[in-house]
Amino acid sequence: MPNLALELGKQAASLGVSSVYGEQQDVDGIRLVPVALSWSGFGAGEDEDRGSGGGGGGGFAVPLGAYIRKGDDLRFEPNLVSLVAVGIPFVWVAGRALSRVIRALKR
C-alpha cells in the first residue's frame, strides 16, 4: 500500500490561489493577478498488520481580490462580497466579546 501521507501531500501542493481564482490573466494590456487566502489540513494513517489505512483532509479558501496592473499603475481591487462575508461574523464576535468585557468590568 502506498504511503497515504505522501500522496495527500502531493495533492495538497496544488491548492492555493489557483484553486480559488485561477492563473493570472492578461486582457487588453491589463494584467490581473488574483489574491486569495487559503489553508488546508490533511492526515493519514496505516495499519501494516491488517494492510489497511485511511486518510482525509479539508481546506478553506477566501478570494480576497486582485492586483490590477495597467502600464505603470498597480492597484488592488478587493472582492467586496468575500470581505463582507468574513467581516460580519468578525464584527459580531468582537462586539460580543467587548460587551462581556465591559459587563465584567462593571462588577
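Buried means a relative accessible area under 20%, exposed means over 50%, and partly exposed lies in between (1.4 Å probe, protein chains only). All views show a predicted model, in which local features need pLDDT of at least 70, side-chain atom pairs count only at pLDDT 80 or more, and totals for chains, interfaces and linings use all residues. Residues are numbered from 1 along each chain as its sequence is written, and side-chain values use heavy atoms, with hydrogens and water left out.

**View 1. Overall fold and confidence of the predicted protein.** The protein has 3 helices and 4 strands (DSSP runs, with helices as H or I of at least four residues and strands as E of at least two, numbered from the N terminus). Along the sequence these elements follow the pattern α-α-β-β-β-β-α. Of the 107 residues of the protein, 8% count as buried. The average pLDDT (the predictor's confidence in each residue, from 0 to 100) is 81 for the protein, and 84% of the residues score at least 70. Confidence is highest in strand β4 (residues 73-78), with a mean of 92. It is lowest in helix α2 (residues 17-20), where the mean is 66.

**View 2. The salt bridge between Asp26 and Arg31.** A search of the whole structure finds 3 salt bridges (a side-chain nitrogen of Lys or Arg within 4 Å of a carboxyl oxygen of Asp or Glu). One of them joins the side chains of Asp26 and Arg31, with an N to O distance of 2.9 Å. Asp26 is exposed because its relative accessible area is 53%. Arg31 has a relative accessible area of 35%, so this residue is partly exposed.

**View 3. The salt-bridge network of Asp73, Arg75 and Glu77.** Arg75 pairs with Asp73 in a salt bridge whose closest N and O atoms are 3.9 Å apart. Arg75 also forms a salt bridge with Glu77, and here the closest N and O atoms are 2.9 Å apart. Salt bridges that share partners join Asp73, Arg75 and Glu77 into one network. Arg75 counts as partly exposed because its relative accessibility is 36%. Asp73, at 41% relative accessibility, also counts as partly exposed, and Glu77 counts as partly exposed at 35%.

**View 4. Asp28 in the loop between β1 and β2.** Asp28 is placed in the loop between β1 (25-27) and β2. Its phi is positive, about 50°, although Asp28 is not a glycine. With a relative accessible area of 78%, Asp28 is exposed.

**View 5. The nonpolar surface patch of Leu37, Trp39 and Phe60.** Leu37, Trp39 and Phe60 make a nonpolar surface patch of about 330 Å². Patch members have over 30% relative accessible area and no salt bridge, with nonpolar side chains (Val, Leu, Ile, Met, Phe, Trp, Tyr) joined within 5 Å and like charges within 9 Å. Accessible areas come from the Shrake-Rupley method with a 1.4 Å probe, and for residues only the protein chains shown count as cover. Trp39 lies in strand β2 (residues 30-47). It counts as partly exposed because its relative accessibility is 48%. The C-alpha atoms of Trp39 and Phe60 are separated by 5.6 Å, and the two residues are 21 residues apart along the chain.

**View 6. The positive surface patch around Arg96.** Arg96, Arg100, Arg103, Lys106 and Arg107 form a positive surface patch. Lys and Arg count as positive and Asp and Glu as negative, while His and the chain ends are not counted. The place of a charge is taken as NZ of Lys, CZ of Arg, CG of Asp or CD of Glu. Arg96 lies in helix α3 (residues 80-106). At 43% relative accessibility, Arg96 counts as partly exposed.

View 7. Tyr67 lies in strand β3 (residues 52-70) and counts as partly exposed at 38% relative accessibility. Leu32 lies in strand β2 and, at 32% relative accessibility, counts as partly exposed. From Leu32 to Glu77, 45 residues apart along the chain, the C-alpha separation is 9.9 Å.
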